[in-house]
Every structure is written in structure tokens, then in C-alpha cells.
Amino acid sequence: MQKRLTQAVRGRVWVGNTGRSGNTTRHHILQMKYLLPQFPDIEVVIILPGINDLITMLSRNRGRNLNKDEPEEKLLMSAFSVIPLGSKSDLSFYKKTALWQAGKKMRYLIFSAGQGQDIYARQYVTWREHRKNASVIIDVLPDMSQALEEYSRNINAMIDIGKQKGMRLIFLTQPVLWKSGLSKDLQGLLWLGGVGNFQKEEGREYYSVDALAQGMGMYNAVLLKVCKDKGVECIDLASMLPKDITVFYDDCHFNESGSQKVSDILAQYLIQHTKRAKRAKRGTCQKGTHLFEECPQMTR
């Protein structure tokens, strides 16, 4: 996407990624709260939420423990590799020091060795086997009302933070491989949708492909509605991508081809929907190119 945008404006464009594995909209709120002040030159924040909210909800005893309060300190630990300075958590002063956080990270690396992902992705074999050998396949979703209400609140909270910071937000609906009638070959790529600690434990219950597809559709519908009500940009990415291996290597993660498709969609959207980008076709700023801001001077 950075390459596409740079070519389009004939100048410098920077695209960064702050995504972390497993983070939900609870984490995204904190990331926006503490990251944006540190990087005032950021002009647009693109957010692809939903999948981890759904999977976390379903894994917690079929959703009944969804609203269990998590202190900000705990969320900060998983939202950031290094807890940001200025965070208003209840951390003791020494826990905010670089030395303590370096030690914490080292401890995590030591004790989590062999439990997380490896560079050869062998863990996917195990995770897929766990789903294949599920003790029960659940076809009916739990009551989703509280989960969807929280999701709506969290999206609204992010929008409020963005407006306070004068930030342009663009949300994306979550594409997934799940669909009714998914072939056995494609079902063999799946591993998400379990109840409890399904990544480490065998014999867990799992939700069916149809139930997962239905649940993701509910989250995407909430996102589209909130964005429409608040007048915030939202690209319905879920409706724009095929549900096959040209996009995904598992339930929801993009392979190289899928990543290229997504970057093309986003770059094209930004080029077409940004006033500054249209003006950029006629020239560049004398003091550097800023894709999403008006240039004080233009070179014809």
C-alpha cells in the first residue's frame, strides 16, 4: 500500500502497522489513546476489528464471561510490547521503567518458549488437528446481545478518540473464509472457534463454520451501522474478497495474494476518496508531499 500511494502522489508516504496478535477492540482503544499523541504526524488510522472480539467471546465459556472486567494494566500488557509513558494505569512507578519492562519481556520469552508460534508455522498443524478432533460441534451461537453492545461501545469510543485528536479514521469490516457449504479441503485450513483454551488443549468444543460465519456477520453489521450513524468512513472489505485460498491461509489471515488484494483496495480507496490526492496529480508540495493534508503551496 505504501508503494502504491507513494507512486500515486509522486512523493513520500509512510504506512505503519501496530496490530498485535489476539488484540480486541478493548486493546485498540488503549492503542489509540496512547499511540496517537506520540505520533502527531499520523494523518489516517485504518482499523480492521472484529475477529478477535468474536473469537474471545466464544472461547470464554460460550460467551457468558464476556463482560468480566479487565483492569487497564492487564490490557496494556497485551496491547503494547512496552507500556507507553503517560499511561494512567495503576502500575507502580518501577513497573513503568525500561529496565523492568525489558526484564518482563525476557521472562515472557523464556517461559513461553515452545508455547507460541514458530517460524515454520508447525503450530498450525496442532491447532488444525484440535479443531478436526473437536469433542462437540456447536451449531447455535450463544446470546450475542451483550457482546455486540460492547463492540458498539468500543467502536464509538475509538471514534470519539479519533475526533478528539482530529484524526481521520477508516474502518474495515472483517473478511473471513467461513461460509455455508465450505468444502472439506478449505475446512481443513480452519483452527479458530473453540471454547476454552483450545489452542493448547485437545478435545475442546468448537463452533461450526455456519455459526462462525453468522457471528462474524453480526459484528460486521454493527460496525457498518455505527460508522453510518457517526458519519465515519468504513470499507466493507468483507464483501469485496472471495472466500478462498487466493486470499486466506486459515480462517481469517491473509496470505501474500490476499495481502496484495487488500493493499490494492485500500490504496485505490485512499486515492479516490482523498481531496489532496486528486490535487497531487497536478503537482507536489514544495516542502514535501503530504497525501492527506492540504499543501500550503503547489507546484503546477
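Residues are numbered from 1 along each chain as its sequence is written. In this predicted model, local features need pLDDT of at least 70, side-chain atom pairs count only at pLDDT 80 or more, totals for chains, interfaces and linings use all residues, and side-chain values use heavy atoms, without hydrogens and water.

**Confidence.** pLDDT is the predictor's confidence in each residue, from 0 to 100. Its mean for the protein is 84, and 79% of the residues reach 70 or more. Helices (H or I, at least four residues) and strands (E, at least two) are DSSP runs, numbered from the N terminus.

| Helix | Residues | Mean pLDDT |
|---|---|---|
| α11, lowest | 275–280 | 47 |
| α9, highest | 209–230 | 98 |

Where pLDDT is low, the predicted coordinates should not be read in detail.

**Sheet.** Strands pair if DSSP finds at least two bridges between them. Here 3 strands form an open, parallel sheet in the order β1-β3-β5. β1 (44–47) and β5 (233–235) each have a single partner strand, so one side of each lacks a neighbour in the sheet. Strand β3 (residues 168–172) joins β5 over 3 bridges. I170 has E233 in β5 as its bridge partner.

**Aromatic pair.** Phe, Tyr and Trp rings (for Trp, the six-membered ring) pair if their centres lie within 6.5 Å; planes under 30 degrees apart are stacked, over 60 edge-to-face, the rest tilted. The count is 7 aromatic pairs. Y124 and W127 form an edge-to-face pair, 5.3 Å centre to centre with 65° between the planes. They sit 3 residues apart in helix α6 (residues 123–132), about one helical turn. Ring pairs link Y124, W127, W191 and Y249 into a cluster.
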